[in-house]
Amino acid sequence: MPPILSISNLSKTYASGFSALRDITLDIARGEIFALLGPNGAGKSTLINVICGIVTPSAGTVRIDGHDILSDYRAARGIVGLVPQELTTDAFETVWNTVSFTRGLFGLPKNPAHIEQVLRDLSLWEKKDNRLMTLSGGMKRRVLIAKALSHEPRLLFLDEPTAGVDVELRQDMWRLVRRLQSQGVTVILTTHYIEEAEEMADRIGVIRKGEIILVEEKAALMHKLGRKQLTIQVNGALDAVPPSLAAHGLELDGQGSELVYTYDTKAERTGITALLTDLAAAGITFNDLRTSQSSLEDIFVDLVRERA
């Protein structure tokens with residue numbers, strides 16, 4: 001089955017000479033949740049804005065469900081829903097009217113049942129007759145999401161959808177995204193919350209300085225690039241790591257009671273057996289061992305640091 005989004009050799013250079021996107025090629029499969037990670041200024045929002053027709057690309061092609069975003073703009077745009085970062089709403093309009101009006105912009109007939117379901121899914125039904133100016137920031141964020149879903153898009157972009165919102169809304173968002181995925185909607189999200197990508201995404205993409213530096217299935221990424229740590233709780237306190245153990249790259253905690261050994265999960269040998277042998281030779285005994293897996297945040301920080 002062809003991808004719902006196909007990006008080929010996409011670049012964007014502004015009149016000032018600033019290159020925001022550089023030769024990006026990426027396919028997004030139907031029904032997947034794709035998380036795009038990157039530091040501030042990496043090009044996440046620019047990429048989304050190009051795909052959604054808000055920014056014109058300098059080079060390359062973007063096709064949404066087979067429709068070119070430039071030559072077949074109307075058909076391409078009708079497939080896409082966008083939840084932007086900015087809280088831009090008509091302050092004097094009601095929730096119901098603004099969401100219904102957005103559906104009409106796409107040339108779709110009225111569907112009160114669909115609008116009602118969207119508002120109920122986002123806990124907005126009780127606020128349907130409220131003017132937007134009376135809503136809290138979190139509720140306004142929910143309205144933006146409702147507007148993006150009003151025309152039943154098959155490809156949904158969430159640009160930092162939970163930035164600055166409360167935990168309740170974030171959890172509601174996660175539940176909504178999973179429900180949309182179960183209905184066949186493809187979701188692409190940018191986020192600063194690494195745990196959001198770790199919780200929800202099928203694949204992870206990392207963008208830096210306008211370039212995609214990695215695209216990988218989440219599980220494979222964590223397996224290939226993840227690290228494990230072995231924490232050794234020693235008997236007694238150490239003042240320093242003995243010189244005889246220097247080759248193992250051990251770290252000593254502030255109290256001198258724990259040694260931390262970091263090893264590569266993809267290496268043929270972990271080195272743990274040799275470490276334990278050397279500990280015994282150094283006369284160091286221990287009363288506990290525990291391991292921990294590196295998080296997606298650790299991996300992301302390491303990737304960005306390596307490419308700096």
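**Note on pockets, helix packing and cavities**

1. Helices α4 (112-121) and α6 (167-182) each contribute at least two residues to the lining of the second largest pocket, where helices (H or I, at least four residues) and strands (E, at least two) are DSSP runs numbered from the N terminus. The model is a predicted one, in which local features need pLDDT of at least 70 and side-chain atom pairs count only at pLDDT 80 or more, whereas totals for chains, interfaces and linings use all residues. Residues are numbered from 1 along each chain as its sequence is written, and side-chain values use heavy atoms, with hydrogens and water left out.

2. The volume of the second largest pocket is about 260 Å³, and of the 14 residues that line this pocket, His-114, Glu-152, Leu-180, Gln-183 and Val-185 are the closest to its centre. On a 1 Å grid over the protein atoms alone, a pocket is an open set of points with protein on both sides within 12 Å along at least five of seven lines, a cavity is a set of points where a 1.4 Å probe fits but cannot get out, and lining residues have an atom within 4 Å of a point. Grid points are joined across faces, edges and corners, and a volume is the space filled by probe spheres set on the points.

3. Helix α4 gives the largest share of that pocket's lining, four residues. By class, the lining of the second largest pocket holds six nonpolar, four polar and four charged residues, with Ala, Val, Leu, Ile, Met, Phe, Trp, Tyr, Cys and Pro counted as nonpolar, Asp, Glu, Lys and Arg as charged, and the others, Gly among them, as polar.

4. Helix α6 also packs with helix α5 (residues 137-149), at an angle of about 15° and with the axes 11 Å apart; axes are lines fitted to C-alpha atoms, for helices over the stretch in contact, and angles run from 0 to 180 degrees between N-to-C directions. The two helices α5 and α6 are therefore roughly parallel to each other, a term for angles under 35 degrees. In contact (heavy atoms within 4.5 Å), Gly-138, Arg-141, Arg-142, Ile-145 and Leu-149 of α5 meet Glu-168, Leu-169, Asp-172, Met-173, Leu-176 and Leu-180 of α6. The residues of this contact between α5 and α6 comprise six nonpolar, one polar and four charged.

5. Helix α5 packs with helix α3 (residues 95-105) as well, here at an angle of about 30° and with the axes 8 Å apart, which makes α3 roughly parallel to α5. On the α3 side, Val-95, Thr-98, Val-99 and Thr-102 meet Val-143, Ala-146 and Lys-147 of α5, a contact made up of four nonpolar, two polar and one charged residues.

6. Searching the whole structure gives two cavities of 30 Å³ or more. The largest cavity, with a volume of about 50 Å³, has a lining of eleven nonpolar, no polar and no charged residues, including Leu-5, Ile-28, Phe-34, Phe-157 and Ile-188. Its largest share, three residues, comes from α1, and β1 (5-13), β2 (19-28), β3 (33-37) and α1 (44-51) each supply at least two residues.

7. The second largest cavity holds about 40 Å³ of space, and its lining consists of Ile-51, Cys-52, Gly-53, Ile-64, Ile-69, Tyr-73, Ala-76, Arg-77 and Val-80. Helix α2 (residues 73-78) provides the largest share of this lining, three residues, and by class the lining has seven nonpolar, one polar and one charged residues.

Definitions and conventions:
Parallel < 35°, antiparallel > 145°, perpendicular 65-115°, else oblique.
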